[in-house]
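Colleague: I've never looked at this one before. Could you walk me through how to read it?

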Amino acid sequence: METKIKICGLFRPEDIEAVNEAEPDFVGFVFYPKSRRYVSPEKAAELRRNLKPAIKNVGVFVNLPVEQVCDIVRIVQLDIVQLHGDEDSEYITALRDKCAEISEIWKAVRVNENLNLADVNKSASADRFVFDAYVEGYGGFGKSFDFRLLGNIDSERTILAGGLTSENIGSAVTDYAPYAVDLSSGAETDGLKDRDKIIDLVNRVRSCSKMNR
Ligand SMILES: O=C(O)c1ccccc1N[C@@H]1O[C@H](COP(=O)(O)O)[C@@H](O)[C@H]1O
């Protein structure tokens with residue numbers, strides 16, 4: 001299996017141009033108003049219209065009521081929902097029931113040295129888990145964690161995130177062979193997405209994945 005790559009936190013037309021060139025597997029739009037990468041659903045819908053159809057789009061949400069998530073899924077025509085807050089299994093089931101057009105639901109698990117795999121089981125109804133570093137606030141701070149804390153987690157359902165950059169992304173792919181890697185800060189310069197970094201990161205993931213086969 002080749003590890004896929006998601007570039008998260010797009011909000012400008014030039015971000016779309018960069019990903020159309022680099023062709024990651026997924027891109028993310030952040031619908032968390034406290035994020036500096038927040039994009040309105042209307043703006044995201046406009047950006048999405050210019051995205052190459054092969055690139056799947058993921059909406060990132062933090063503790064938003066299910067009905068509002070569904071509305072945004074429909075406005076933007078999101079493929080995947082990434083829940084990056086405190087949503088539990090009940091929430092995930094309700095979302096799936098109300099919004100049949102979502103192809104997958106990903107749940108973020110914020111990891112520190114007290115990682116309790118029971119927390120992962122609490123949201124076991126998610127299709128995949130995005131393992132990110134524990135931070136005050138929710139995500140996208142470029143903070144990494146020791147992936148060894150994950151033990152023997154099912155790599156087919158695992159998405160690694162948190163402080164990935166061109167320096168550490170190669171070992172994340174070769175050592176853990178996750179389903180995907182997800183990054184935002186590591187693809188930026190001065191807080192904005194950087195075309196050259198995006199292209200470099202996508203190339204690195206593709207070449208490391210080939211070595212894993
Ligand atoms: O990117 C954000 O601003 C964000 C806000 C709230 C929740 C999640 C967010 N992004 C996700 O955070 C991780 C790690 O990002 P980074 O590479 O460490 O900056 C990633 O899953 C993003 O999708």
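This is a predicted model: local features need pLDDT of at least 70, side-chain atom pairs count only at pLDDT 80 or more; totals for chains, interfaces and linings use all residues.

Colleague: What is the chain built from, in helices and strands?

Modeller: The chain has seven helices and ten strands. Its C-alpha atoms fill a box of roughly 40 × 40 × 30 Å along the principal axes.

Colleague: How does the radius of gyration fit a compact globule?

Modeller: For 213 residues, a compact globule would come out near 17 Å; the chain has 16 Å, which agrees. As for contacts with a separation of 6 or more, 58% of them are between residues 24 or more positions apart.

Colleague: How do I read one helix, then? Which residues are buried in α6?

Modeller: Here's the general idea: an α-helix has 3.6 residues a turn, so residues three or four places apart point the same way. In α6, residues 169-176, the buried ones are Ile169, Ala172 and Val173. They cover an arc of only 90° around the axis, which puts them on the same side of α6. After α6 comes Ala177, with a positive phi near 40°.

Colleague: And the ligand: which residues come nearest?

Modeller: There are 27 residues around the ligand, and Cys8, Ser35, Gly139, Gly140 and Ser185 come nearest. By class, that shell has twelve polar, eleven nonpolar and four charged residues. Strands β2 (26-30), β6 (128-133) and β8 (180-183) each supply at least two residues of the shell.

Conventions. Residues are numbered from 1 along each chain as its sequence is written. A residue is buried if 20 or more other C-beta atoms lie within 10 Å of its own, exposed if 12 or fewer, and partly exposed in between; C-beta atoms are placed from the backbone. Helices (H or I, at least four residues) and strands (E, at least two) are DSSP runs, numbered from the N terminus. The arc is that of the directions from the helix axis to the C-beta atoms. The radius of gyration is taken over C-alpha atoms; the globule rule is 2.2 Å times the number of residues to the power 0.38. Two residues are in contact if their C-beta atoms, placed from the backbone, lie within 7 Å. A residue is near a molecule or strand if its C-beta atom, placed from the backbone, lies within 6 Å of it. Ala, Val, Leu, Ile, Met, Phe, Trp, Tyr, Cys and Pro count as nonpolar, Asp, Glu, Lys and Arg as charged, and the others, Gly among them, as polar.
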